[in-house]
Amino acid sequence: MIKNIVIFASGEGSNTQKIIDYFRSSEKVNISLIVSNKASANVLNRAKNNTIPTLVLDRDLFYKGNTLIEELKSMQTDLIVLAGFLWMIPEQLIKAFPNKIINIHPSLLPKFGGKGMYGTNVHKAVIASNEKESGITIHIVNEQYDEGKIIAQHACSISENETAESLGEKIHKLEYEYFPKAIEFFLSEK
Ligand code: GRF
């Protein structure tokens, strides 16, 4: 049976684009919805250009109601993919989809995870700590956010003159290459 994935993203959506492209003609995986917390997020344009339904979240409903959970259940959602989604996932959503929410984080967790560690902040912190390598982590989301079970990690080295920007580019390349494959693998195990 075809598996339905729902992507949550807050911004540009370049990872979402790679996931859309990867599964475009798949008979096993369907992207049924793209959810954002921000009406102006470019990821929503990407969804529309690919005729994928979209949903913009209302903060109160997201944290208080059950509407979203009911909607996701009624759509037979098999997996929720967080691809640069900046809001904390409420406990009731995690409970409603146990082991069915995965996130990508732009560092080698448990290093450089947790509060405030997103986007360029992560790369700046990595460089400031004189790390020799960084990378990406794809993990299951539990109540402790960046601490769920790790599904995949991929590393890259840090050059002497590395900047947060150049490291960000290396990390994006790893994400584009491995995130869609990790999603496919994770779904095939279910
Ligand atoms: C990615 O680097 C991801 O690791 C992080 O947010 C970024 C999203 O980038 N969680 P994009 O919106 O997919 O371009």
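This is a predicted model: local features need pLDDT of at least 70, side-chain atom pairs count only at pLDDT 80 or more; totals for chains, interfaces and linings use all residues.
**Pocket, ligand and cavity**

Biologist: OK. What volume does the largest pocket have?

Modeller: About 1,100 Å³. It is lined by 42 residues, and G84, L86, P106, Y118 and G119 are the closest to its centre.

Biologist: Which helices and strands supply at least two residues of that lining?

Modeller: α1, β5 (101–105), α6 (119–128) and α7 do.

Biologist: And which one gives the largest share?

Modeller: α7, with seven residues.

Biologist: Switching to the ligand. Where does it sit?

Modeller: In the largest pocket.

Biologist: Which residues are around the ligand?

Modeller: E12, G13, S14 and N15, then G84, I104, P106, H172 and E175. Two of those, G84 and P106, were also named among the residues closest to the pocket centre.

Biologist: How does that shell divide by residue type?

Modeller: Two nonpolar, five polar and two charged.

Biologist: Which helices supply at least two residues of the shell?

Modeller: α1 (14–23) and α7 (164–188).

Biologist: Let's go to atoms. What is the distance from S14 to the ligand?

Modeller: A polar atom in the S14 side chain is 2.5 Å from a ligand oxygen.

Biologist: And G13, what part of that residue is involved?

Modeller: The backbone. One of its N or O atoms is 2.7 Å from an oxygen of the ligand.

Biologist: How far is the H172 side chain from a ligand oxygen?

Modeller: 3.4 Å, taken from an N or O atom of that side chain.

Biologist: How much of the ligand does the protein bury?

Modeller: 83% of the 370 Å² that the ligand exposes when taken alone.

Biologist: New topic, cavities. How many are there of 30 Å³ or more?

Modeller: One. The largest cavity has a volume of about 30 Å³.

Biologist: Which residues line the largest cavity?

Modeller: L61, F62, G65, L68 and I69, plus P90, Q92 and L93.

Biologist: And which helices do they come from?

Modeller: α3 (59–64), α4 (67–74) and α5 (91–96) each supply at least two of the lining residues.

Biologist: How does the cavity lining divide into nonpolar, polar and charged?

Modeller: Six nonpolar, two polar and no charged.

Note on methods
Residues are numbered from 1 along each chain as its sequence is written. Side-chain values use heavy atoms; hydrogens and water are left out. On a 1 Å grid over the protein atoms alone, a cavity is a set of points where a 1.4 Å probe fits but cannot get out, and a pocket is an open set with protein on both sides within 12 Å along at least five of seven lines; lining residues have an atom within 4 Å of a point. Grid points are joined across faces, edges and corners, and a volume is the space filled by probe spheres set on the points. Helices (H or I, at least four residues) and strands (E, at least two) are DSSP runs, numbered from the N terminus. Ala, Val, Leu, Ile, Met, Phe, Trp, Tyr, Cys and Pro count as nonpolar, Asp, Glu, Lys and Arg as charged, and the others, Gly among them, as polar. A residue is near a molecule or strand if one of its heavy atoms lies within 4 Å of it. A polar contact is a pair of N or O atoms within 3.5 Å; within protein, one must be able to donate a hydrogen and the other to accept it, and residues adjacent in sequence count only if both atoms are side-chain atoms. Accessible areas come from the Shrake-Rupley method with a 1.4 Å probe; for residues, only the protein chains shown count as cover. A molecule sits in a cavity or pocket if more than half of its atoms lie within 2 Å of its grid points.
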